[in-house]
Amino acid sequence: MTMPLDATATEATALADLASAAPPTLRESVLVEVGLVDRYDRADSPLGPLVVAWNGRGMSAVDIAADDGAFEARHLATTGRRAIPGELPGRLATAIARRLEGDRRARIALDLRGHSPFEQDVWRKALEIPRGEVRPYGWVAAEIGRPKAVRAVGTALGHNPVPLIVPCHRVVRSDGTIGQYSLGGPSNKRTILSAEGLDPGAMEDAARRGERLVGCASTHIVCWPTCRTGRHMLERNRRPFRSLAEAGAAGYRPCKVCRPVAAVA
Amino acid sequence: METDDRLTDALAHDLDAAFDVLVVAHQDRLYTIALRMLGDARDAEEAAQDALVRAYRALASYDPERIRELRLRGWLTTIVLNRCRSVGARRTARGPKPISIDGDAARPATEPEAPTATTPPEVAERHAERDRWAARLAALPAAYRTAIVLRHVDGMSYPEAAAALGRPEGTVKAQVHRGIAQLRTMLEAEGRREPEEMTA
C-alpha cells in the first residue's frame, strides 16, 4: 500500500484538532497594552485611598476612591474607555510613592489622549512646581505664553485627570487664597499642601495683609513667597511687597528661579 | 476572506473602534500557532500578545489605503511567527526546559483543558490522543513543523502559507510532505513499542 504524500483525512483531522482557544486573559492584556482598555487599582496617598488607572501608554486617571461601579462609569464617561480591575504594577506603585514624596526624577508616563494642547501645556507647567511651593494661576498663564488666559488655566487644572501626580494643588489663586481643587474640594488642597510642608493658613493670612511677593534686603531679589531660594533668608532681611511694580520701584529684581510676574486683574 | 475584507475596511476607517474585532477574530488561531511552535502555554500567550500589540502599532502607522490592501490572516501569521522566534530564542538563552515526549510533565502547561477525575474515559482518551499528536509535532524540525501548523492546524491554503512564510509554494508543500512522512515514522515506532510496554 502506498501512502499519499500529504496528510490522510485521519491525520488532517488529528492535526486540526490541535487548535486551541486563547486564554481569556489574552484579549484584555492586548487591549490594555495598546491603550484601548484601562486597568485600575487602589493606592495610598496623604488624602487616603485613591483609585489609579493606567494602560500601556501610561497613567490615565487618579480619583478619590469610590465604589468600583461608580469609578468605572465615570472613567467610561470621561475617557470613552472601559476600566477593569487590575493589580498596580510594582514599578508604577514605587514611582507614585516617590512622586508623592516630591522626587521629580521618578518618571511616570501619562496617557493624556483626548485633551487639548492648551490643557497639556498647563499640566506640563504645573509639573515644574516643586513640592513645598505654590504659584498663582496667573504665573502658569504667563509661563505658557497665554498671560490673559488665567481663567482658562483654572479650568484646565480642574480637568487634570491625574491630580497629585500632575500637582495642580500647587497652583493657587492670584490673590493668594488657596482656590478650588478637583480632587475632593479645597479642604483636600489644604491637607496635601500641609503634607508637603506648607502652612496654608499662614499663606492666606499673609495674602490677606496684601503680601503677594517677598524680597530679600541683602540681595535685592524678589520671589514668590514659597520660592526655595528664599528659604534661608534671615527674618530681618524679609521685605513683603504687594506687587512686582512696588518691588521694582524699591530696586528689587525678579528671581530667575521662581520668575514672579505682575498679577493679572 | 470576506470577513477579513470587511475588517480591514473597518480598521482603515477607525482603528481604535475596530481593533477589538480583530483581536476576537484572530486570537485563537494566533495563540494556537504560537502554542504549537513553542510548546508552552505561557510562552505562547506572550508571543500572541506581543504579535497583536505589534500589529496594532503597525496599523496605527499605516495610511488607510495600505490597511485596506492587507491580507490580514497571512500578515498576522508572519508577525506571530517572528514573535515565536524571539520568545523561543530567549527561552533557549535561559536554558532548555525538559521536553517530555510522553506528555506527562508538559500537559498541565500546554493543555489547559486537561482531564480531571470526573472526565469520561472517551474524553480522557481524546485528550491523550491530542497530547500524543502535539508531542509528535513538537519533535519535528522547526521548518516542517511551521509548514504543517499553518497548513493543517490553522488550515491555510498552500498559497496563503507560502505568502505568510515568504517561501515558494513548492518549498512549503515539500516541507509539509516531509513533516507528514516523519510523523508517520514516529507513529510506526510508537506502534512497535506499545506491546512491550503492555507486558512490562
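Okay, let's start with a sheet in chain A: it's open, it has four strands in the order β9-β7-β8-β10, and the pairing is mixed. At the edges you find β9, residues 238-241, and β10, residues 253-254; each has a single partner strand, so one side of each has no neighbour in the sheet. Keep in mind that this is a predicted model.

Now look at how β10(A) is held on. Strand β8 of chain A, residues 221-223, runs parallel to β10(A), and two bridges join them. If you want a pair to click on, Val222(A) has Pro254(A) in β10(A) as its bridge partner.

Next, the largest pocket. Its volume is about 710 Å³. There are 29 lining residues, and the closest to the centre are Leu198(A), Met203(A), Pro225(A), Thr226(A) and Arg238(A). Which helix gives the largest share of that lining? That's α9(A), with four residues. What sort of residues are we talking about overall? By class, 14 are nonpolar, six polar and nine charged.

Last stop, over in chain B: Met156(B). You'll find Met156(B) in the loop between α8 (142-153) and α9 (158-165) of that chain. So is Met156(B) buried or exposed? Its relative accessible area is 1%, and buried means under 20%, so Met156(B) counts as buried. Beyond its close sequence neighbours, its contacts include Arg29(B), Arg73(B), Thr77(B) and Ala164(B). Gly74(B) is another contact; it sits 82 residues away along the chain, yet the two C-alpha atoms are 8.8 Å apart.

That's my tour, thanks.

Note on methods. Residues numbered from 1 in each chain as written. Chains lettered and ligands numbered in written order. Predicted model: local features only at pLDDT ≥ 70, side-chain atom pairs only at ≥ 80, totals over all residues. Heavy atoms only, no water. 1 Å grid on protein atoms, 1.4 Å probe; cavity = no way out; pocket = protein on both sides within 12 Å on 5 of 7 lines; lining within 4 Å. Points joined across faces, edges and corners; volume = space filled by probe spheres on them. Nonpolar A, V, L, I, M, F, W, Y, C, P; charged D, E, K, R; others polar. Buried < 20%, exposed > 50% of the residue type's maximum accessible area, 1.4 Å probe, protein only. Contact = heavy atoms within 4.5 Å. Pairing = 2+ DSSP bridges. Lists of a residue's contacts leave out its neighbours within four places in sequence.
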